[in-house]
Number of protein chains: 2
Amino acid sequence: MLKYLQIEIELEKYIEDNALQQGDKLPALQSLMKQFDASKSTITKALDLLEKKGIIYQVRGSGIFVRKHKRKGYISLMSNQGITKDLEDFDLTSEVIELKVIKPTTEVAQNLILQKDDDVYYVKRIRYINGQTLCLEESYFNKSIITYLNKEIATGSIFHYIREGLGLNIGFLDSFLHVGKLKEEEAEYLGLKTGAPKLRIEGVFHLTNGQPFDFSKVNYNYEQAQFYVQSND
Amino acid sequence: MLKYLQIEIELEKYIEDNALQQGDKLPALQSLMKQFDASKSTITKALDLLEKKGIIYQVRGSGIFVRKHKRKGYISLMSNQGITKDLEDFDLTSEVIELKVIKPTTEVAQNLILQKDDDVYYVKRIRYINGQTLCLEESYFNKSIITYLNKEIATGSIFHYIREGLGLNIGFLDSFLHVGKLKEEEAEYLGLKTGAPKLRIEGVFHLTNGQPFDFSKVNYNYEQAQFYVQSND
């Protein structure tokens with residue numbers, strides 16, 4: 001592992017272990033260089049990554065401070081690694097309703113940059129948090145990238161499988177949010193009333209090489225799901 | 001202006017002027033160095049900033065590519081500069097319902113890190129997009145930072161005033177999203193029915209020095225507002 005990545009992980013652990021709060025000051029650059037026996041540029045790289053991840057903020061001429069925003073149980077809209085990572089303290093399960101190989105609709109083909117006769121895996125799941133319905137998810141995976149899927153994999157974390165099983169590098173994510181009312185079928189799956197509020201998030205996940213591999217449409221149970229976003233200047 | 005910031009702006013303009021699309025390739029690092037007569041580290045800094053802003057992505061050993069995600073009329077949840085900047089193509093107006101100096105509630109004091117006898121500006125506005133209600137906004141500003149506000153300022157862009165009028169540097173933002181049902185008073189202001197879906201976003205805006213200066217609670221009209229988020233790995 002690259003040294004700055006290792007330092008980044010250790011600093012994150014240090015903040016966690018010492019239960020540092022928003023506004024708490026970290027050691028100065030010079031001390032960190034000594035502590036980790038690393039060059040200024042290596043420490044700076046680690047700090048920039050921590051800042052990008054919303055874990056610290058740096059004030060010129062003043063120091064490095066902890067940024068702690070996170071309300072427990074909120075799902076990050078910034079995460080491109082799937083919701084399993086955000087909610088690891090919770091009991092998260094999935095029920096696979098449908099899993100099959102299909103030809104893409106126009107919408108799916110546009111979002112995944114596919115031809116009409118390419119193949120996609122279609123996966124429809126209900127996801128549960130502590131036994132409550134969290135969301136109804138429909139995902140379309142480009143089969144030439146996600147070459148294999150089955151029900152057992154889809155019952156767990158598909159993204160974990162993509163990273164560890166297929167060895168793919170998940171890059172960036174574009175998400176689009178709409179608020180509306182649940183249709184009858186959606187409401188039934190979520191155990192809510194038809195017409196109840198819904199948050200629908202459409203996401204296009206890309207590999208680090210820019211290829212879109214997953215287009216997903218997720219309807220959240222508004223009683224269970226809440227979200228957070230951190231932005232930097 | 002620092003050179004890498006200038007190059008960043010020019011590259012953004014180049015992408016705009018040439019109507020480059022998602023996946024289009026930019027000139028290689030060497031060409032950019034020549035074109036802008038700049039060092040490798042200056043160009044790299046400009047590119048890293050563009051990547052952070054979600055405008056490009058870089059693939060090691062392959063090149064620099066345009067990232068174009070934006071659906072017109074979507075509000076960025078990543079922007080810390082207020083919604084006026086996102087919707088500049090639209091006719092955005094505000095009606096001030098209330099503006100007064102008050103003592104903070106416990107919730108406001110916690111979010112702005114204030115004492116009970118500190119002063120805050122309370123501003124309640126309805127914001128309109130092309131004549132339709134967009135959101136009902138209640139904001140609380142730390143008066144020791146935002147020292148002056150009046151109705152005329154609040155009818156326009158308060159954030160523009162904070163940047164240009166007060167000369168403050170707006171730093172990072174933490175947002176928390178909930179979906180629910182509109183209460184009677186909220187529904188009336190938005191011109192919707194009581195119980196209709198609502199998206200409520202609570203935001204804590206910080207200066208670049210880490211001080212929180214604005215705690216806002218915004219209820220959006222679900223028929224008018226849609227949102228996007230870009231995330232990186």
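This is a predicted model: local features need pLDDT of at least 70, side-chain atom pairs count only at pLDDT 80 or more; totals for chains, interfaces and linings use all residues.

**Helices α1 and α3 of chain A**

Begin by selecting residues 3-17 of chain A, which form helix α1, together with residues 40-52 of chain A, which form helix α3; their axes come within 8 Å and cross at roughly 55°. The handedness of the crossing of α1(A) and α3(A) is right-handed. To see the contact itself, show side chains on the α1(A) residues, including Y4(A), L5(A), I7(A) and L11(A), and on the α3(A) residues, among them I43(A), A46(A), L47(A) and L50(A). Sorted by class, the residues of this contact of α1(A) with α3(A) comprise 9 nonpolar, 1 polar and 4 charged.

**Helix α2 against α3**

On the α2(A) side, look for L29(A), L32(A), M33(A) and F36(A), which meet K40(A), I43(A), T44(A) and L47(A) of α3(A). The contact of α2(A) with α3(A) consists of 6 nonpolar, 1 polar and 1 charged residues.

**A salt bridge within chain A**

Next select K217(A) and E107(A), whose side chains form a salt bridge with an N to O distance of 2.9 Å. Because K217(A) belongs to strand β9 (residues 212-221) of chain A and E107(A) to helix α4 (residues 106-112) of chain A, the pair ties together parts that are 110 residues apart in sequence. Over all chains, the structure holds 21 salt bridges.

**The interface of chains A and B**

Finally, colour the two chains separately and turn to their interface, where 42 residues of chain B are in contact with 42 residues of chain A. Between them the chains bury about 3900 Å², of which 57% is on carbon and sulfur atoms. Select F172(B), F176(B) and V179(B), which supply 15% of the area that chain B buries against chain A, more than any other three residues.

How many salt bridges does the rule find across the interface of chain B and chain A? There are 2 of them, and R67(B) forms a salt bridge with D174(A), with the closest N and O atoms 2.7 Å apart.

Technical notes. Residues are numbered from 1 along each chain as its sequence is written. Chains are lettered from A and ligands numbered from 1 in the order in which they are written. Side-chain values use heavy atoms; hydrogens and water are left out. Axes are lines fitted to C-alpha atoms, for helices over the stretch in contact, and angles run from 0 to 180 degrees between N-to-C directions. Helices (H or I, at least four residues) and strands (E, at least two) are DSSP runs, numbered from the N terminus. A crossing is left-handed if the near helix is turned anticlockwise from the far one by less than a right angle, and right-handed if clockwise. Contact means heavy atoms within 4.5 Å. Ala, Val, Leu, Ile, Met, Phe, Trp, Tyr, Cys and Pro count as nonpolar, Asp, Glu, Lys and Arg as charged, and the others, Gly among them, as polar. Buried area is the accessible area (1.4 Å probe) that two parts lose on being put together, summed over both. A salt bridge is a side-chain nitrogen of Lys or Arg within 4 Å of a carboxyl oxygen of Asp or Glu.
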